[in-house]
Amino acid sequence: MVVQTRNKHKDLPSKGDQAPRCPLRSRRGMGSGERRPLTEDKCSRGPRASSPAPIHPSGGGGRKGHAPGSLPRRLLIGTVQPFIGLFLEKLLKLRRYQGFSWNLTLSIGAFVGVMHWAHLTTLFENDRHFSHLSTLEREMTFRTEMGLYYSYFKTMIEAPTFLRGLWLIMNDRLTEFPLVINAVKRFHLYPEVIIAFWYRVYIGTMDLTGIRTKVCWNVSRGQGLNPVESCEGLGDPACFYVTVIFVLNGLMMTLFFIYGTYLSGSQIGGLMTVLCYFFNHGEATRVMWTPPLRESFSYPFHVLQMLLITHILRSHQNCKKDFIALLVSNVAFMLPWHFAQFILFTQMASLFPMYIVGYIEPYKFLKIILVNMVSVAICFVLMFGKSTYLSSYFASSLIITWGFMKKRSKVQKLQSSQYTIWLIQGFLWWSGTIVLKILLSQLLAVSDHIHLSDLITARILRYSDFDTLMYTCAPEFDFMEKETPLRYTKTLLLPVVVMISFLIFRKVIPDIFYMLSAGETCIRKQLDRNESKNPPTALLVFHELQLFAFAILAIFIMRLKLFLTPHMSVMASLVCSKQLFGRFFDRVRFENFVFALIAVMSIQGWLNLQSQWSIIGEFSNAPQEDLLQWIRQNTRSDAVFAGAMPTMASVKLSALRPIVNHPQYEDGGLSRKTAKEVRDKLLQLHVNYYILEEAWCVVRTKPGCSMLEIWDVEDPTNAGKPSLCSILVKDGRPYFTSVFQNSMYRVFRVN
């Protein structure tokens, strides 16, 4: 490791080392608890104009957008300018090219993957000025559950050996003190385990070869703050961690290009998918703001899984390799994220109607069901027997579907109209899945885990309790914003998808009526004719049903736009489908039509990208830094803490102290109880210190969603009493003694 000291006046490289090109390393703070507007860069930080910009979904501090010509914007343009030239060259090549080449598809896919990686990295750096932050500041940027996940990566790389680190997180004594939990099972930590293994291999290899992995600087922060050491390079754990995430999501864009190309039968269709994703980037992902969240690791494998399902439905051969690849992608999708099972349930809800109508061959559908069953079993084993895999809607639907297929011959013998048989099967499938899910949940005693289905049910029935309110009061779990369809419309994504959906319905409905009136043999002949088309009608039906399912989910839970927006982008590739637009393309060259459409889309799309690039900020939270430093220096290493969820994640991550509550659980019984009752409860948990953050006592995202209002739902008998916050702010004695206080936090010792 090379440490180099930088001040605002002189370059002072360590003797014998090559001085970096940038002679200055300083930054200036502007008040605590927020991202500081960036007024200086690495080399020359002159003043520049700024204007407020809205807070992004990460829920962090404020940020400010800067006038055109600011250095990070110039850095971005300078970085991507060569890529843009190459991109335009490939566009011209695509326009001239009339055939189909997998070499061209893979090369363009790799290119757009690199572009997306660079885009994510730039947004992340511009938002936080991550390269200039100290290790402690970087850890503080991982708020709430992000800090919790990263803490396990930190534990594994700081352990003497990889196996020792794995044992520590599988026998975690810090997160839910005094309990000992298997954190891998509890929090789906396989991504952290794998990245920690890669990091240890990387560092070990670089140490053996003598290659430097990072360069460190002394950074002047200004505003009376002490200088800090800031390291850059893959040898820094936080940089390595986020780099792996962004590379994975860059590969995801490669998959999207291949997906759009394969579905539409044209590389221009793949281009349409990629551009629609970029033009609606803010509606499609939040990985650039919240890298450690489970969806950042899981969603790229969902894209792969959808591509494989598309290939299997399209292929006339039931190739063993395809189903093995589907098995692997299913496991990779479900292991990091517990919500993934419900997404796969929507896939089953799309495939089953296609099966009963006849769009899928029974033998092929049975193999898909069996592969999914094996996937669930593998996840159940790898997650140490986590019962939520067996009690999910996905698992229940697989069992019910398998039962239907085994009784298929009896269903066909029913003396009823085809339409009635379809309705009976659909009703029995839905009711059977719901009943079986409830029975399995009761049988396996699954009651401590919130599911997407629970949140949607709470929305529909207007039911609320402590657990559902903790989710639904968060902005990302609210209903879809009313402005979202308008934003889709401005980039023409919504009009294009509506037009494609209309054409699909117009093509499918006559087939449905024909199959209702025809016999089994005629139905088979009609389906064979459909399968010979490009793309097959079955693929159009599948993607339309998935679009409907994702739209419903996104309307009820805004966070799930991450499934809707990308799928709309994939559907947009079908503007290149000659099956849908054949007659139109007989009169107009489809390349001219598509490139004209892209040109119109790019008007608002480019403005959206510029809006993202204008987000310039710098993370700072001096009060929390003071708190963590005080904890490190003035409390024993085994001192136990309680407090607000986001703060507890930081205490565990940066101070390595045991905590009793964390961002995936918080005790709802401590809101308006007396100080003595709270003290007694904390003593039962062996808590030594309680951290009070006044902002959490009064914050209210919307009516009924302040922490006090949520707690009153859980504890109505104490609803009329003064809040614990107000009691502790005045005087917590004799049950609590104040031992630390700053502008944001108060620490009380539990007497």
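Predicted model: local features only at pLDDT ≥ 70, side-chain atom pairs only at ≥ 80, totals over all residues.

Cys 276 is buried, at a relative accessible area of 1%; buried here means under 20% relative accessible area, exposed over 50%, and partly exposed in between, with a 1.4 Å probe and protein chains only. Cys 576 also counts as buried, at 4% relative accessibility.

Residues are numbered from 1 along each chain as its sequence is written, and side-chain values use heavy atoms, leaving out hydrogens and water.

Which cysteines does a disulfide join? A disulfide, defined as a pair of cysteine sulfur atoms within 2.5 Å, joins Cys 216 to Cys 231, with 1.9 Å from S to S. The pair links strand 5 (residues 215-219), which holds Cys 216, to strand 6 (residues 228-232), which holds Cys 231, 15 residues apart. Strands are DSSP runs of E with at least two residues, helices are runs of H or I with at least four, and both are numbered from the N terminus. The torsion about the S-S bond is about 100°, so the disulfide is right-handed. Cys 216 is buried at 0%, and Cys 231 is buried at 6%. The count comes to one disulfide.

I turn now to charge. Side chains of opposite charge can pair when their charged atoms come close. The structure holds 11 salt bridges, each a side-chain nitrogen of Lys or Arg within 4 Å of a carboxyl oxygen of Asp or Glu.

One of them pairs Arg 294 with Glu 192, the closest N and O atoms being 2.7 Å apart. Arg 294 lies in helix 11 (residues 294-314) and Glu 192 in helix 7 (residues 190-209), so this bridge ties together parts 102 residues apart in sequence. Arg 294 is buried at 4%, and Glu 192 at 1%.

Another salt bridge, 2.5 Å from N to O, brings together Lys 561 and Glu 283. Lys 561 belongs to helix 24 and Glu 283 to helix 10 (residues 281-284), 278 residues apart. Lys 561 is buried at 8%, and Glu 283 at 11%. Salt bridges that share partners join Glu 283, Glu 481, Arg 487 and Lys 561 into one network.

Finally, helix 24 (residues 561-572) also contains His 567, which is buried at 4%. Not counting residues up to four places away in sequence, His 567 touches Met 306, His 543, Gln 546, Leu 547 and Phe 550, where contact means heavy atoms within 4.5 Å.
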